[in-house]
Amino acid sequence: MFADIDGDRDYDMLVGTEARGVLLYRNQGNRTAPRFVLDESFVLPVHGDAVPAVGDVDGDGDLDLIVGGVGGGVLLFENLGGRSGR
């Protein structure tokens, strides 16, 4: 899924995997010429198949991360760091 995770006005990519949980690929290019680079520093405590989604769950103007799994259950990672892009 694509969202402006770092607030720089271009879309970054979140990918759910079975072996490594959720991976973040930051767009090091721009909107018209994207270049996605794996951010090895982005780590989530998610195990098994992970399906990411983002939205402003708590209505405070920033993006929160929701991760579901194939086996059921949902995890909410609330953004406490301030505003983010849309």
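This is a predicted model: local features need pLDDT of at least 70, side-chain atom pairs count only at pLDDT 80 or more; totals for chains, interfaces and linings use all residues.

Colleague: Why is Phe36 called partly exposed?

Modeller: Its relative accessible area is 32%. Buried means under 20% and exposed means over 50%, so at 32% Phe36 counts as partly exposed.

Colleague: And Phe2, why is that one partly exposed?

Modeller: Phe2 has a relative accessible area of 49%. Exposed needs over 50%, so Phe2 with its 49% is still partly exposed.

Colleague: How many aromatic pairs does the structure hold?

Modeller: The structure holds one aromatic pair. The rings belong to Phe2 and Phe36.

Colleague: What makes Phe2 and Phe36 a pair, and why is the pair called tilted?

Modeller: Take the distance to begin with: the ring centres lie 5.9 Å apart, and the cut-off is within 6.5 Å, so Phe2 and Phe36 pair. Then the angle: the planes are at 55 degrees. Stacked needs under 30 degrees and edge-to-face over 60, so 55 degrees makes the pair tilted.

Colleague: Which parts of the chain does that pair link?

Modeller: Distant ones: Phe2 is in strand 1 (residues 2-3) and Phe36 in strand 4, 34 residues apart.

Colleague: On to the strands. How do you know that strand 3 and strand 4 pair?

Modeller: Pairing takes at least two bridges. Strand 3 and strand 4 (residues 36-38) have three, in the antiparallel sense, so they qualify. In this pairing Asn27 stands opposite Phe36.

Colleague: What about strand 2 and strand 3?

Modeller: Strand 2 (residues 12-16) and strand 3 (residues 22-27) are antiparallel too, over four bridges. Gly16 has Val22 as its bridge partner. Their hairpin has five residues between the strands, and Gly21 takes a positive phi near 75 degrees there.

Colleague: Which strands form the open sheet, and in what order?

Modeller: Three strands form it, in the order 5-6-7, with antiparallel pairing. Strand 5 (51-55) and strand 7 (74-77) are the edge strands, as each pairs on one side only. On average, neighbouring strands of this sheet are turned by 20 degrees against each other, direction ignored. Strand 6 (residues 64-68) is joined to strand 7 by four bridges, and Ile66 stands opposite Leu76.

How values were computed: Residues are numbered from 1 along each chain as its sequence is written. Side-chain values use heavy atoms; hydrogens and water are left out. Helices (H or I, at least four residues) and strands (E, at least two) are DSSP runs, numbered from the N terminus. Buried means under 20% relative accessible area, exposed over 50%, partly exposed in between (1.4 Å probe, protein chains only). Axes are lines fitted to C-alpha atoms, for helices over the stretch in contact, and angles run from 0 to 180 degrees between N-to-C directions. Rings of Phe, Tyr and Trp (its six-membered ring) pair if their centres lie within 6.5 Å; planes under 30 degrees apart count as stacked, over 60 as edge-to-face and the rest as tilted.
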